[in-house]
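Morning, everyone. Please bring the model up on your screens. I will go through the rings, then the ligand.

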Amino acid sequence: MRPVTLRTARLTLDEPRLADAELVTEYCQDPLFERYLTTPWPYTRADADAFLGSYVPESWASGRELTWAIRGADGGPVMGMISVREAQHELGFWLGAAHRGSGLMSEAATAVTEWVLAGGIRGATSLMWRAVEGNTASARVARAAGFRRIEPAAPTVPTRDGGTLPAWHAVRTEPVDPRVDESWRPILGGDR
Ligand SMILES: CC(C)(COP(=O)(O)OP(=O)(O)OC[C@H]1O[C@@H](n2cnc3c(N)ncnc32)[C@H](O)[C@@H]1OP(=O)(O)O)[C@@H](O)C(=O)NCCC(=O)NCCS
């Protein structure tokens with residue numbers, strides 16, 4: 001598939017490029033990434049160069065994983081990444097620490113989700129999300145993007161060393177399931 005650009009009120013989601021390597025390297029030093037993501041740890045400039053120069057373009061071409069750079073409305077410096085993996089149509093995302101807390105990821109996740117379910121990925125009728133138990137910031141993004149929390153038989157997520165950790169799971173269908181808010185109440189409470 002050719003890379004697709006998506007736009008929202010505040011964001012442009014477009015193809016990550018090698019010129020993003022310096023910022024990606026900086027963002028990926030965040031200890032939260034060690035805890036919650038499977039990005040390499042420790043993370044080096046060579047990891048960013050390989051991700052941006054090879055993995056991202058090859059994965060767009062094969063359709064294995066579609067990865068967007070999150071930028072401001074007029075483009076500019078990368079603020080984070082969001083992707084959909086072909087296997088199970090799984091949504092994943094991160095933001096550089098300086099860009100959190102303004103609803104940007106909720107906006108990006110909503111845009112990608114709506115694009116996928118409107119036919120961006122042929123045949124995709126649902127998207128899944130999962131996060132290491134306790135990753136409340138990620139759960140709030142999933143809720144804001146209309147994912148409904150589910151309790152599968154084996155609620156786990158893979159770790160970077162080949163193991164698994166207990167995880168929260170959720171699924172997004174179109175239209176949004178009316179039970180979304182209720183499904184998150186046990187872990188996020190009723191506030192929004
Ligand atoms: C997950 C992540 C992208 C969320 O970023 P963000 O800037 O908080 O996202 P948004 O601004 O869109 O906020 C989403 C919600 O989280 C809330 N929130 C932000 N930081 C929070 C925190 N530390 N604890 C609890 N809630 C938090 C916001 O208030 C907002 O809530 P609401 O929509 O219910 O009002 C960011 O924390 C991150 O990059 N974390 C590290 C990587 C990661 O864990 N990725 C997800 C792996 S599954």
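Let me start with a definition. Rings of Phe, Tyr and Trp (its six-membered ring) make an aromatic pair if their centres lie within 6.5 Å; planes under 30 degrees apart are stacked, over 60 edge-to-face, and the rest tilted. By this rule, there are 6 aromatic pairs.

A word on the source. This is a predicted model, where local features need pLDDT of at least 70 and side-chain atom pairs count only at pLDDT 80 or more, while totals for chains, interfaces and linings use all residues. Residues are numbered from 1 along each chain as its sequence is written, and side-chain values use heavy atoms, leaving out hydrogens and water.

Take F51 and Y55. Their pair is stacked, at 6.2 Å centre to centre, with 15 degrees between the planes. Both sit in helix 3, residues 45-62. They are 4 residues apart, about one turn of the helix. Helices here are DSSP runs of H or I, at least four residues; strands are runs of E, at least two; both are numbered from the N terminus.

Buried means under 20%, exposed over 50%, and partly exposed in between, with a 1.4 Å probe and protein chains only.

Now W68 and W115. This pair is edge-to-face: 5.4 Å centre to centre, 80 degrees between the planes. W68 lies in strand 3 (residues 65-72) and W115 in helix 4, so the pair ties together parts 47 residues apart in sequence. Both W68 and W115 are buried.

There is also an aromatic cluster. Y27, F33 and W94 form it.

On to the ligand. Which residues come nearest? Of the 23 residues around it, they are F93, G101, G103, S106 and N135. A residue counts as near if one of its heavy atoms lies within 4 Å. By class, this shell has 11 nonpolar, 7 polar and 5 charged residues. Helix 5 gives the most to the shell, with 6 residues.

Next, the polar contacts, meaning pairs of N or O atoms within 3.5 Å. A backbone N or O atom of G101 lies 2.7 Å from an oxygen atom of the ligand. For R100, a side-chain N or O atom is 3.3 Å from a ligand oxygen. A polar backbone atom of S102 is also 3.3 Å from an oxygen atom of the ligand.

How values were computed: Polar contact = N/O pair within 3.5 Å; in protein donor to acceptor, adjacent residues only side chain to side chain. Nonpolar A, V, L, I, M, F, W, Y, C, P; charged D, E, K, R; others polar.
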